[in-house]
Structures are given as structure tokens and as C-alpha cells.
Amino acid sequence: MPFIDKNKKSVYRKSYYQENKKYLDEYTKNWRKQQRLLLIKEFGQKCNHCDECDPIVLDFDHIGDDGYLDKKRSRKNIIFHVKDNPSKFQLLCKNCNWKKEYWRRIMPSKSKAQAKLMSAAAHSPEFAKKVGVKQSVAKEFNEADAGTGILKVKNKKKVKK
Ligand SMILES: [Zn+2]
């Protein structure tokens with residue numbers, strides 16, 4: 001049997017890769033592209049926040065923003081993580097993904113007024129629409145704000161009056 005020695009096998013693999021790098025890289029790239037499209041179809045090929053359905057701008061988003069955990073666990077391409085644990089992901093278009101990231105970065109609320117606005121929007125879909133804040137975003141703010149106590153202080157002051 002050839003290549004019974006593991007080291008020899010790995011050396012052979014490496015040199016085979018180097019010799020056929022161009023072809024193999026192209027092959028992997030195409031395979032990933034194909035797998036990505038198949039997965040997008042499985043996920044319904046539509047952004048979870050808007051109606052965007054062009055796969056070119058659709059991405060797999062970590063619902064719980066815990067992508068760093070996957071990166072820590074393994075450096076594999078994201079399609080493998082999606083296949084391993086599909087319930088952790090949703091499809092978002094580039095726009096919605098960036099909006100989510102934008103809000104995540106500025107959470108929790110920086111001022112009491114903002115916290116109050118988010119709280120109101122979280123509890124009233126009409127108000128959320130009026131001020132142009134997505135209710136799901138407002139709810140996330142509200143949860144983040146609950147942890148900082150920014151709203152509690154406001155309420156205490158009200159009681160004192
Ligand atoms: Zn979208």
C-alpha cells in the first residue's frame with residue numbers, strides 16, 4: 001500500500017496542492033459558490049427583514065451575533081457552520097445586515113431620552129412606525145437598556161415629583 005506513512009501522505013498532499021493550486025483553488029471556490037446558493041435556497045432565498053431575494057446580496061447572519069464563537073471553534077467557511085447548526089442563522093441582505101450591525105454597535109441607549117423612545121417603540125408598534133424605528137430593534141434596545149438601569153433612574157425621578 002502506498003502512503004501508509006502519515007507524514008509522507010501529508011507531504012504528498014501538500015506538493016500535490018502546490019502543483020495543482022490554480023485548478024484546486026478554482027474548484028473549491030466554485031464548490032463553495034454552489035453550496036452557498038443551495039443553502040440560500042434551503043433558507044427560502046429571501047432576506048428575513050425585507051423582501052430582497054437576490055442571492056448576490058444575501059448573507060447568512062448569526063441571529064445571536066455569536067459568530068466569533070464559531071470562528072474560535074473552527075476556521076472553516078461559514079457554510080459549514082450553517083450546515084452544522086442551521087437554527088442559529090437567518091438570511092439577511094447586505095443592507096439589513098449592516099443596519100443590524102449598526103444598531104448593535106450603538107446599543108445600549110446613550111441617553112435617557114433615547115432609552116425612553118426605544119422603550120415606547122418596543123411596546124407600541126404604532127409609535128415605532130411613527131418614529132421610524134423597527135420594533136424588533138427597539139425591543140433589543142429595551143433589553144440592553146434594562147441591563148444598564150438607565151430607565152429605572154428615570155422612573156425614580158418621576159416618582160419623586
Ligand atoms: Zn433586507
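**Entry 1: where α6 meets α8**
I looked up which residues touch where these two helices meet. From α6 I noted A115, M118, S119, A121 and A122, and on the α8 side they meet Q135, A138, K139, F141, N142 and D145. I sorted the residues of this contact by type and got six nonpolar, three polar and two charged.

**Entry 2: how the two helices cross**
Two packed helices are described by the angle between their axes and the distance between the axes, and I looked up both. Helix α6 covers residues 112-123 and helix α8 covers residues 135-148. Their axes come within 8 Å and cross at roughly 125°. Angles over 145 would count as roughly antiparallel and 65 to 115 as roughly perpendicular, so I wrote down α6 and α8 as oblique to each other. The crossing of α6 past α8 is left-handed.

**Entry 3: domains**
Next I checked how the protein is divided. Domain 1 runs over 9-94 and domain 2 over 107-160. Taken over C-alpha atoms, the centres of domain 1 and domain 2 are separated by 36 Å.

**Entry 4: confidence**
How far can I trust what I'm looking at? The protein has a mean pLDDT of 86, and 92% of its residues reach 70 or more. Strand β2 (residues 89-93) has the highest confidence, at 95, while helix α9 (residues 150-160) has the lowest, at a mean of 58. Where pLDDT is low, the predicted coordinates should not be read in detail.

Notes: Residues numbered from 1 in each chain as written. Predicted model: local features only at pLDDT ≥ 70, side-chain atom pairs only at ≥ 80, totals over all residues. Axes fitted to C-alpha atoms, helices over the stretch in contact; angles between N-to-C directions. Helix = DSSP H or I, 4+ residues; strand = E, 2+ residues; numbered from the N terminus. Parallel < 35°, antiparallel > 145°, perpendicular 65-115°, else oblique. Left-handed = near helix turned anticlockwise from the far one by under 90°. Contact = placed C-beta atoms within 7 Å. Nonpolar A, V, L, I, M, F, W, Y, C, P; charged D, E, K, R; others polar. Domains from an automatic or database assignment. pLDDT = per-residue confidence, 0-100.
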